[in-house]
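Please look through the structure below before reading on, and keep it in view while the text leads you from one part to the next.

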Amino acid sequence: MLDFLASVGRIFIGFLDGTGRFALFTVEGVSHCFRPPFYPRLIGRQLIDMGFYSLPVVGLTALFTGMVLALQAHTGFSFAAETGVAIIVVLSVTRELGPVIAGLMVAGRIGAAIAAEIGTMRVTDQIDALSTLSTNPYKYLVVPRLIAGTIALPCLVFVADVIGIFGGFLVGTYSLDYNPSSFLGVMMDNVATDDVASGLVKSAVFGFIVALMGCYHGYHSKGGAQGVGAATTYAVVSGSIMILLTDYLMTALFFSS
Amino acid sequence: MNDKIKIAVRGLKKSFGPKVVLDGVDFDLQEGESLVIIGGSGTGKSVTVKCILGLMEPDAGSIKIDGVEVTTLSSGERFKLLRKFGMLFQGAALFDSLPVWENVAFGLIQGHGMARAKARDIAIQKLAAVGLAPEVAKLSPAELSGGMQKRVGLARAIAAEPEIIVFDEPTTGLDPIMADVINDLIVKVVKDLGTTAISITHDMASTRKIADRVAMIYKGRIIWSDTVDRIDRSGNEFVEQFIHGRADGPIRMEIRAL
């Protein structure tokens with residue numbers, strides 16, 4: 001019985017230790033975002049890596065998501081016909097699917113890359129080398145990625161929204177024979193600025209989460225190649241879960257009224 | 001070398017869970033002196049150096065650099081203090097996302113705020129000082145051999161002409177000839193710059209070449225310390241066993257039966 005209680009206690013203390021370490025890392029990382037020195041060159045490089053180079057994968061995913069959505073809406077809600085399909089596509093993509101799908105794709109592509117890069121730097125003493133060269137690793141490694149993630153994902157999601165809606169439009173007009181101008185008109189009439197804005201705010205939070213998880217797990221990786229591999233897995237899994245969790249919380253907040 | 005104490009370590013302790021790694025390390029290092037800390041794997045050499053550099057926080061004890069207690073410094077003060085240091089890491093720890101010249105110039109650009117063009121010129125000078133041609137400057141670290149990486153690491157350590165240089169296992173993984181080349185370079189740069197040096201190694205050839213003074217660490221304590229010319233007459237059975245690489249003696253390897 002005592003052994004069982006000791007095991008439970010160890011797990012609980014381990015959980016608290018991990019939570020505390022993550023909270024301190026987050027506070028430290030965010031606080032350095034507002035204190036000089038800043039590294040604009042590194043932020044620019046990360047913006048290109050996270051934003052520009054993620055465009056193909058996010059664009060393709062958004063295109064097919066919009067197309068599938070139009071088909072599903074047509075077959076599943078046959079009573080809704082043209083108007084319903086157009087509304088479902090435009091609201092689903094802008095409010096929900098654009099940010100979430102883009103967030104998950106970026107978590108897989110960028111979260112893993114960040115964790116692998118910083119993790120390798122950790123196990124090969126490169127992070128210690130940064131410190132001995134009077135460079136704060138948080139400012140040099142973590143801050144540029146946090147800032148770039150928070151800026152890049154809304155830009156990606158805006159593009160994904162346009163491509164996703166275009167995908168739904170393609171299927172609606174060419175495959176389902178809806179009238180193009182009225183289908184487009186219904187879409188435009190039923191999307192409000194708030195729908196797009198809420199998606200962009202969500203995506204900024206998702207971008208921050210993806211970068212934070214990649215940095216955190218990479219920064220604390222240990223044990224050589226196996227440790228870096230584990231850090232990469234944790235970064236993607238925890239990033240994806242956090243995206244879905246915060247998505248629910250933000251949706252409840254934005255649309256509760 | 002002069003009588004001014006550059007680094008003073010007293011009662012340094014560090015444990016990882018139940019494992020005690022440092023159990024009260026004490027030593028002084030004079031300005032301009034080259035101290036080599038020897039000892040087997042896992043005896044606390046690297047941890048001692050990491051505590052001095054602030055890469056690890058000691059559990060207890062005092063570390064004074066130029067008379068200033070550094071264990072209580074804030075993060076910002078510590079990064080300023082680290083401008084006094086250069087370090088050559090065991091695996092060189094070059095930044096593989098940067099070309100060789102940016103690795104060497106990194107501390108000058110980021111730590112000292114020097115313009116990139118000027119830092120590049122200094123980097124090429126330092127590469128020449130460690131026997132590397134200017135063409136190497138454009139290469140990426142992955143294109144270099146182990147010996148060349150060590151030399152680039154050495155060039156990076158001396159680029160800002162630091163007051164103290166730390167060498168972590170400088171010859172590990174190198175063939176004997178390249179190891180001797182690195183030893184000669186270390187002696188040369190330390191003498192040229194008049195810098196204070198701490199090295200950690202278990203390579204006795206390297207120790208004899210680069211040390212003014214040797215300290216042996218065992219079970220987290222300095223058990224012997226003297227000038228390098230006295231190492232063969234230490235009268236300490238632990239030192240005797242270590243420098244002659246004998247399996248038999250007071251130092252017992254912890255080997256578990258399968």
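In chain B, strand β1 (residues 5–16) pairs with β2(B) in the antiparallel sense over nine bridges; strands here are DSSP runs of E of at least two residues, helices are DSSP runs of H or I of at least four residues, and both are numbered from the N terminus, while two strands count as paired if DSSP finds at least two bridges between them. One of these bridges can be found by looking for B:Ile5, whose bridge partner in β2(B) is B:Gln30. Strands of a sheet pair through backbone hydrogen bonds, either parallel or antiparallel.

Before going further, note that this is a predicted model, in which local features need pLDDT of at least 70 and side-chain atom pairs count only at pLDDT 80 or more, whereas totals for chains, interfaces and linings use all residues. Residues are numbered from 1 along each chain as its sequence is written, chains are lettered from A and ligands numbered from 1 in the order in which they are written, and side-chain values use heavy atoms, with hydrogens and water left out.

The two strands belong to an open sheet of four strands in chain B, which has the order β2-β1-β4-β5 and antiparallel pairing. Its edge strands are β2 (19–30) and β5 (68–69) of chain B, each of which pairs on one side only. Across β1, β2 and β4 (60–65) of chain B lies helix α1 (residues 45–53) of chain B, running at about 65° to β2(B); for such an angle, axes are lines fitted to C-alpha atoms, for helices over the stretch in contact, and angles run from 0 to 180 degrees between N-to-C directions.

A salt bridge is a side-chain nitrogen of Lys or Arg within 4 Å of a carboxyl oxygen of Asp or Glu. B:Asp28 is partly exposed, with a relative accessible area of 28%, and B:Arg10 is partly exposed at 40%, where buried means under 20% relative accessible area, exposed over 50%, and partly exposed in between (1.4 Å probe, protein chains only).

Elsewhere in chain B, B:Leu35 is found in strand β3 (residues 34–38) and is buried, with a relative accessible area of 1%. Leaving aside neighbours within four places in sequence, B:Leu35 is in contact (heavy atoms within 4.5 Å) with residues including B:Phe27, B:Leu29, B:Ile198 and B:Val214. B:Leu35 and B:Ile210 are 175 residues apart in sequence, and their C-alpha atoms are 8.4 Å apart in space.

In chain A, A:Ser54 has its place in the loop between α2 (40–50) and α3 (55–76), and counts as buried at 0% relative accessibility. Its side chain reaches the backbone oxygen of A:Met50 at 2.6 Å, and, not counting residues up to four places away in sequence, A:Ser54 touches A:Asp49, A:Val106, A:Arg109, A:Ile110 and A:Leu156. Chain A also holds a salt bridge between the side chains of A:Glu117 and A:Arg145 (3.1 Å, N to O). A:Glu117 lies in helix α4 (residues 81–123) and A:Arg145 in helix α6 (residues 137–175) of chain A, so the pair ties together parts that are 28 residues apart in sequence. A:Glu117 is partly exposed at 36% relative accessible area, whereas A:Arg145 counts as buried at 4%.

Where the two chains meet, the contact takes 21 residues from chain B and 17 residues from chain A. Together they bury about 1,700 Å², 60% of it on carbon and sulfur atoms; buried area is the accessible area (1.4 Å probe) that two parts lose on being put together, summed over both. Across this interface the rule finds one salt bridge, in which A:Asp128 pairs with B:Lys50, the closest N and O atoms being 3.8 Å apart. On the side of chain B that touches chain A, α3(B) gives the most, with four residues.

Technical notes: A polar contact is a pair of N or O atoms within 3.5 Å; within protein, one must be able to donate a hydrogen and the other to accept it, and residues adjacent in sequence count only if both atoms are side-chain atoms.
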